[in-house]
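My entries follow in the order in which I made them.

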Amino acid sequence: MLSGLARDGGLYLPEVWPRLADATMEGLRGAPYARVAYAVIAPFTAGSVPAADLQRMIDDAYRGFDHEAVTPLVQLDANHWLLELFHGPTLAFKDLAMQLLARLLDWTLARRSLRATVICATSGDTGAAAVEAFKSSNRCILFVLHPLGCVSEVQRRQMTTVNSPAIHNLAVEGNFDDCQAIVKALFNDVEFRDRARLTGVNSINWARLTAQAVYYLFAGLSLGAPDRKVSFTVPTGNFGNVFAGYIAYKLGLPIESLVVASNANDILHRALGTGRYEVSGVVPTMSPSMDIEISSNFERLLFEASNRDAGTVRTLMTNLQQSGSFTLPPAVHAVIAQKFSSGRTDEETTLSTIRTTFASSAKLLDPHTAVAYSVARSHPNRSAPMITLATAHPAKFPDAVEKATGIRPSLPPRLSDLFSRPEHFVTVPNDAKAVASHILLRI
């Protein structure tokens with residue numbers, strides 16, 4: 001958790017996957033979210049966090065959510081459900097992991113009498129969630145990199161209107177992949193990393209994904225698991241959210257299919273379909289959190305699907321860095337296809353999905369959720385209940401929702417003055433050395 005990225009540039013995975021017994025899962029049916037969270041997370045801490053402290057931090061992390069169930073399920077038709085992940089303080093699924101991660105980091109740093117510099121690249125929601133989670137930290141100083149002009153106004157203001165000495169917002173003159181590349185470059189600069197006591201809270205951080213696996217298990221149990229299989233469709237950019245579903249599967253949740261939903265930036269859909277992962281340039285869409293081509297967590301799946309052959313993964317990632325592409329070995333592609341499938345939704349279909357869903361159910365979808373719902377409805381294997389992840393509140397993307405339905409969704413009352421709050425951010429060039437210099441002057 002403190003390292004974020006491994007020192008050789010790779011990503012962490014557990015040496016051995018823990019597994020929850022069916023009887024344990026059955027005993028969690030109907031349990032509060034925080035109790036399920038403890039059951040999922042405790043096996044990964046291996047006793048490094050005392051049980052009472054871990055449960056206290058989990059309870060505290062989810063106490064402030066707007067819905068009693070934390071992540072409620074809403075039925076849309078006989079065999080299709082929405083898993084609402086936007087009831088946290090910043091109205092997006094990132095809150096579910098970030099609220100806990102900030103507490104775990106502060107707890108760990110305090111026990112070691114340490115402080116840390118936290119760095120985060122965001123396409124919108126991760127940054128807002130990190131700012132909200134770390135604004136009162138007395139152990140961490142947070143630097144958030146967002147692509148200048150490439151996030152929604154609500155997303156930007158949720159980051160930039162928080163006035164705290166622990167928070168620094170940097171608008172990078174580039175896209176999200178550029179922000180992510182800068183973060184990776186800073187982690188790979190060992191001298192800078194050690195000098196700044198650097199850690200990260202993007203989904204490269206294993207603790208983020210562990211916390212996100214909770215809501216998969218929580219939803220599956222609500223619909224009859226482990227006695228009944230379930231499937232999930234996930235709006236996907238950086239592959240972290242859908243990989244959290246894979247973690248739940250490895251823990252023992254009987255998942256029939258994990259469906260990756262892409263917008264016009266469909267590199268994952270193309271890779272899963274053809275075995276060829278090839279960058280072609282990012283196209284701005286109304287679902288900006290998915291406007292990503294370098295999906296960092298896909299590397300974790302490659303490791304799993306290649307029978308944990310680090311050499312194969314290293315070769316593929318080197319090819320990506322050098323030529324912008326790689327081809328999955330047939331055996332690796334076949335393993336991935338056993339559990340993962342995919343679909344793509346264009347802009348017009350996204351709008352029509354928002355429009356028709358509202359007409360049929362009075363349910364407003366944000367554009368990311370609409371991408372996933374559109375893909376889910378066309379998914380051929382529907383023997384198991386399908387759960388579409390609703391990753392953001394529609395009010396975070398009011399322009400798209402209004403264009404589709406004529407209705408401009410309102411922010412909750414606690415955010416009603418968001419557009420009148422002063423903003424705090426600086427614009428920086430798309431250059432890792434410039435960002436490093438900026439950080440060192442402020443820590």
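How do the residues of the lining of the second largest pocket divide into nonpolar, polar and charged? I found 18 nonpolar, four polar and two charged, where Ala, Val, Leu, Ile, Met, Phe, Trp, Tyr, Cys and Pro count as nonpolar, Asp, Glu, Lys and Arg as charged, and the others, Gly among them, as polar.

**Entry: what I am looking at**

I noted that this is a predicted model, in which local features need pLDDT of at least 70 and side-chain atom pairs count only at pLDDT 80 or more, while totals for chains, interfaces and linings use all residues. Residues are numbered from 1 along each chain as its sequence is written, and side-chain values use heavy atoms, with hydrogens and water left out.

**Entry: the second largest pocket**

I wrote down what a pocket is: on a 1 Å grid over the protein atoms alone, where a 1.4 Å probe is used, it is an open set of points with protein on both sides within 12 Å along at least five of seven lines, whereas a cavity is a set of points where the probe fits but cannot get out, and lining residues have an atom within 4 Å of a point. Grid points are joined across faces, edges and corners, and a volume is the space filled by probe spheres set on the points.

The second largest pocket holds about 650 Å³ of space. It has 24 lining residues, and Met1, Phe44, Thr45, Ser48 and Trp206 are the closest to its centre. At least two lining residues each come from α2 (33-45), α4 (95-111) and α9, and α4 gives the most, with five residues. These labels follow DSSP runs, numbered from the N terminus, with helices (H or I) of at least four residues and strands (E) of at least two.

**Entry: the largest pocket**

I then turned to the largest pocket, with about 1000 Å³ of space. Its lining has 35 residues, and those nearest the centre are Gly9, Gly10, Lys184, Glu299 and Met317. Two or more lining residues are given by each of α7 (176-188), α12 (298-305) and α13 (310-323). I sorted this lining into 19 nonpolar, nine polar and seven charged residues.

**Entry: the cavity**

How many cavities of 30 Å³ or more does a search of the whole structure find? The search finds one, and the volume of this largest cavity is about 300 Å³. Of the 25 residues that line the largest cavity, Phe93, Lys94, Gly237, Asn238 and Ser289 lie nearest its centre. The elements giving two or more residues to this lining are α5 (125-134), α9 (206-222) and α10 (240-251), and the largest share, three residues, comes from α10. The lining of the largest cavity divides into eight nonpolar, 14 polar and three charged residues.

**Entry: the chain as a whole**

I recorded 18 helices and 13 strands in the protein chain. Its C-alpha trace spans about 55 × 50 × 50 Å along the principal axes. For 443 residues, a compact globule would have a radius of gyration near 22 Å, and the 20 Å of the protein chain agrees with this; the radius is taken over C-alpha atoms, and the globule rule is 2.2 Å times the number of residues to the power 0.38. Of the 443 residues, 60% count as buried, where buried means under 20% relative accessible area, exposed over 50%, and partly exposed in between (1.4 Å probe, protein chains only).

**Entry: single residues**

Is Thr233 buried or exposed? Thr233 lies in strand β7 (residues 230-235) and counts as buried because its relative accessibility is 0%. Leaving aside neighbours within four places in sequence, I listed its contacts (heavy atoms within 4.5 Å), and Thr233 touches Val259, Ala261 and Ala372 among them.

Most residues other than glycine have a negative phi, and most peptide bonds are trans. I therefore marked the exceptions against this general rule. A cis peptide bond, with omega of about 5°, joins Ala225 and Pro226, and Pro226 sits in the loop between α9 and β7. Ala46, in the loop between α2 and α3 (51-62), has a positive phi of about 50° although it is not a glycine, and counts as exposed at 69% relative accessibility. Asn307 lies in the loop between α12 and α13 and has a positive phi of about 60°; with a relative accessible area of 70%, Asn307 is exposed.
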